[in-house]
Amino acid sequence: MCCESKRRFLLLYATQKGQAKAIAEEIWQQAGAHGLEADMHCISEMDKYNLETEKDPVVIVISTTGTGDPPDTARKFVKKIQDKTLPPDHFAHLQYGLLGLGDSEYMFFCNGGRTVDRRLQELGAQHFYDTGLADDCVGLELVVDPWIDGLWLALKEALQLQKEKEGMNNAVNAVSSSLSTAPHAVHELKLTSEVQNLKLEDEEAKGSDILSQKLDDINHVAPAKDTEPSLVHSVPPVSQSALNIPALSPEYIEVEFQDTQGENPHLSSLISEGKTFEVPVTKAVQLTREDAVKTALLLELDIAGTAFEYQPGDAFCVICPNNVSEVEKLLHILGLSEKGDDFVCVKVKQGTKKKGAVRPQHIPERSTLKFILTWCLEIRAIPKKAFLRALVECTSDAGEKRRLQELCSRQGASDYTHFIRDSNVCLLDLLHAFPSCKPSFSLLIEHLPKLQARSYSVSSSNLYQPGRLCFVFNVVEFPAGPSRPVSRKGVCTGWLAELVAPLLHPSKNSQDTKGESSSTEKISIFPRPNNAFHLPADPSVPFIMVGPGTGIAPFIGFLQHRQKLREQHTDWQFGETWLFFGCRHQDRDYLFKQLQCFLKNGTLTHLKVCFSRDSSAAEVAPPKYVQDVLRLCAKEVARVLLKERGYFYVCGDKKHMADDVSNAIVDILSMEMEADRLEAMKILAMLREAKRYLQDVWS
């Protein structure tokens, strides 16, 4: 164990995409300015710390992944503390504060942190500081920043109490009694995303971890004529404020150019989630008409001869590259256009002040600059404030420098949210807006996160189509705007659409043969099994599927699988099946008209469809959305869920659909049970708990 000083505390982080680690590093960095020393470890490194014997306060930063799971790095830790044989006082000696990260767009908000928090409490651990739950939907920093500000006073009080206990061993009982009534024994801070309710009382928040920039130190620039703020312009009060900006992160990466050539690493070496499979794309079909609002594509992959296995309802991940032209533009701005294919060695900078600095796992030790930008770094990531702070030092123009300082400052928090976070601004947009900013390549490696593989729901059944895997997606479009000079397609969907263009266009006029080709284009994938979103184990149990738009994808696999089971097991009893599907226009984006075939052969018992943008001459307007159709079928829905103990599946957009469907079900339960809304919500919660109300949603 390092840092044996009485001013030590243990700092653990559990991260999936790097955010929890970055926040932990910020805490570690600020600790020194408060006379404290953080002993920081990933929560998976259980050989480097021991909570069973830990005497100092513990700070935990933990994210949430999937549908509410702790991150992969916390799985062993969670499994260990969930051991049911542990006594209720197992962690009675432990004092801790926990910061959970999540996204309220998803049902189980911050469930990774909540799971650990709840279990530590059950095992007797005590909070020395209230739990913070940060919401990525509105901006993690809205809770993270004030939570960190309040942490230092709470830590010092906890350490002081610990010191008092150790110094009064002869009067333990008396000390314990006095501490229990001490007004400062626990420094409480209630945190929610409604930051306006926060009342921080940490008088040391202006310590040297925050650079308080005084007005007389600012190189004043002539005020912009614009009366409205923008990405590059500010207005009072921000433009006239002294700024509290984050401390500058220490540099820790060095990039050395190599004289020798070689080969770039294989893509599989970049993936830590398990075995990858390189498989050919055998078919591509455009499911929407050319004049549809969105373009939906179906791709078929050949997985025959591989060990790739899946069930209907599972997901899988596609390893995708960044856009080629964006990589070229970035190299050009960095002044490295001529060196994109040169090999470099990436290593930790000698003498760096960053604690425990290591080369990021997703960055190869040796590869080309172009390979790193194409396959390793999420160049579309929204820049964090720490990155903006580092970019300040790379900017020569005084006006641009000031604006970047504002955007990463506490005073400019609203501007950051509006012009960077909500506008989905990426590094390229920033470098276009602030042309005097010339960061080093090593700075990009230090601050840009890992390029994540993209997850898709399987839209097929291996029983129905052996050796084949299908999936459906909309080609995502990001229009140009004030902060984004050009329109862009989604990183993965744009790449896939370009990749399969030869499969789509040759047979454009033939509906039957469209997409057939002997193409040898291959993509790399790996499985991401879903533990719950599967067909009922008992085929006689009825179920309801709700999947508007591309949310129908997993249900095609469900129905294909059910059809084959019906053919193979004629003596089995099968429950009824309901499908609620919706789209904008019947003739433009009705993705799977083959649903009628499932209806005719009895695989699908009830098909309910709606079209939100089609006009109708009927006296009573038809329902527009799936939640409206559900309400029209209230009695049947209630019967399936309550009397027949059926299952309910929802797949699709979280923000604009899943919550509305959930509200519709509450209304239906309330009406059919003649119960109040609160009682209906409890029933829905029980269905979720029993895994009979299941969601596969995205934001």
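The lining of the largest cavity comprises nine nonpolar, two polar and two charged residues; here Ala, Val, Leu, Ile, Met, Phe, Trp, Tyr, Cys and Pro count as nonpolar, Asp, Glu, Lys and Arg as charged, and the others, Gly among them, as polar. Of these 13 lining residues, Ile271, Trp375, Lys450, Leu451 and Ala453 lie nearest the centre of the cavity. A cavity is a set of points on a 1 Å grid over the protein atoms alone where a 1.4 Å probe fits but cannot get out, and lining residues have an atom within 4 Å of a point.

The model is predicted: local features need pLDDT of at least 70, side-chain atom pairs count only at pLDDT 80 or more, and totals for chains, interfaces and linings use all residues. Residues are numbered from 1 along each chain as its sequence is written, and side-chain values use heavy atoms, with hydrogens and water left out.

The whole structure contains two cavities of 30 Å³ or more.

| Item | Value |
|---|---|
| Volume of the largest cavity | about 120 Å³ |
| Accessible surface of the protein chain | about 33100 Å² |

Volume denotes the space filled by probe spheres set on the points, which are joined across faces, edges and corners. Accessible areas follow the Shrake-Rupley method with a 1.4 Å probe; carbon and sulfur atoms hold 49% of the chain's surface.

Of the 699 residues in the protein chain, 52% are buried, that is, under 20% relative accessible area (1.4 Å probe, protein chains only). Helix α10 (residues 413-421) has Asp415, Tyr416, Thr417, Phe419, Ile420 and Arg421 buried. Their cover includes α4 (141-166), α8 (385-392), α9 (398-408) and α11 (427-433).

Conventions
1 Å grid on protein atoms, 1.4 Å probe; cavity = no way out; pocket = protein on both sides within 12 Å on 5 of 7 lines; lining within 4 Å. Buried < 20%, exposed > 50% of the residue type's maximum accessible area, 1.4 Å probe, protein only. Helix = DSSP H or I, 4+ residues; strand = E, 2+ residues; numbered from the N terminus. Contact = heavy atoms within 4.5 Å.
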